Amino acid sequence: MASRFLSHPEPNQISQILRNLEVYEKDPIVKLLILKGQGKTFCAGGDVVGMVLSINEGHWSFGASFYKKQLTLDYLLATSTKPLVSLINGIIMGGGAGLSMNSMFRVVTENTQFKLSCLNP
């Protein structure tokens, strides 16, 4: 079993999860992947705010690079040969919502609040 804790998706964290996933896919000992939030949220977003601020400062390539990694991770999670379980407690927004949607299993608690900025302004 392989676990990864999230709070909000950051470029370094996305890169680390991508690297780990590549290792876990090839490791015959790993039979199950688990994504779990750290603290009171599964993954509270923040990626959108960071990207807008970056773009407004003239750094559009940072956002393009981040979302390329994020969408690559989403794809790899969706096509993983290992079962993926997201343990969701608290707020789940933005990139975290994308990660959890690709899980084979999503376990939520009574504290879970699923939000997308385009749906829940």
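Predicted model: local features only at pLDDT ≥ 70, side-chain atom pairs only at ≥ 80, totals over all residues.
Counted up, that gives four helices and seven strands. Of the 121 residues in the chain, 36% are buried. The chain exposes about 7,200 Å², and carbon and sulfur atoms supply 62% of that area. Contacts also reach across the sequence: among those between residues at least 6 apart, 64% join residues at least 24 apart.

The buried residues are Gly-95, Gly-96, Ala-97, Gly-98, Leu-99 and Ser-100.

Part of the surroundings of helix 4 comes from helix 3 (residues 60-78), which packs against helix 4 at an angle of about 20°, with the two axes 8 Å apart. Because angles under 35 degrees count as roughly parallel, helix 3 and helix 4 are roughly parallel to each other. The crossing of helix 3 past helix 4 is right-handed. On the helix 3 side, the residues that meet helix 4 are Gln-70, Leu-73, Asp-74 and Leu-77; their partners in helix 4 are Gly-95, Gly-98 and Leu-99. The spacing of such residues has a simple background: an α-helix has 3.6 residues a turn, so residues three or four places apart point the same way.

Ser-86 lies in strand 4, which covers residues 84-88. Its relative accessible area is 0%, so Ser-86 is buried. What surrounds Ser-86, leaving aside its neighbours within four places in sequence? The residues in contact with Ser-86 are Leu-35, Phe-42, Ser-100, Ser-103, Phe-105, Arg-106 and Val-107. One of these, Ser-100, is among the buried residues of helix 4.

Finally, the aromatic rings deserve a glance. The structure holds one aromatic pair. Phe-66 and Tyr-67 form this pair, which is edge-to-face, with 5.0 Å from centre to centre and 85° between the planes. The two partners can be described by their accessibility. Phe-66 has a relative accessible area of 2% and is therefore buried, whereas Tyr-67, at 27% relative accessibility, counts as partly exposed.

Notes: Residues numbered from 1 in each chain as written. Heavy atoms only, no water. Helix = DSSP H or I, 4+ residues; strand = E, 2+ residues; numbered from the N terminus. Buried < 20%, exposed > 50% of the residue type's maximum accessible area, 1.4 Å probe, protein only. Contact = heavy atoms within 4.5 Å. Areas by Shrake-Rupley, 256 points an atom, 1.4 Å probe, with all protein chains shown as cover. Phe/Tyr/Trp six-rings, centres within 6.5 Å; stacked < 30°, edge-to-face > 60°. Axes fitted to C-alpha atoms, helices over the stretch in contact; angles between N-to-C directions. Parallel < 35°, antiparallel > 145°, perpendicular 65-115°, else oblique. Left-handed = near helix turned anticlockwise from the far one by under 90°.
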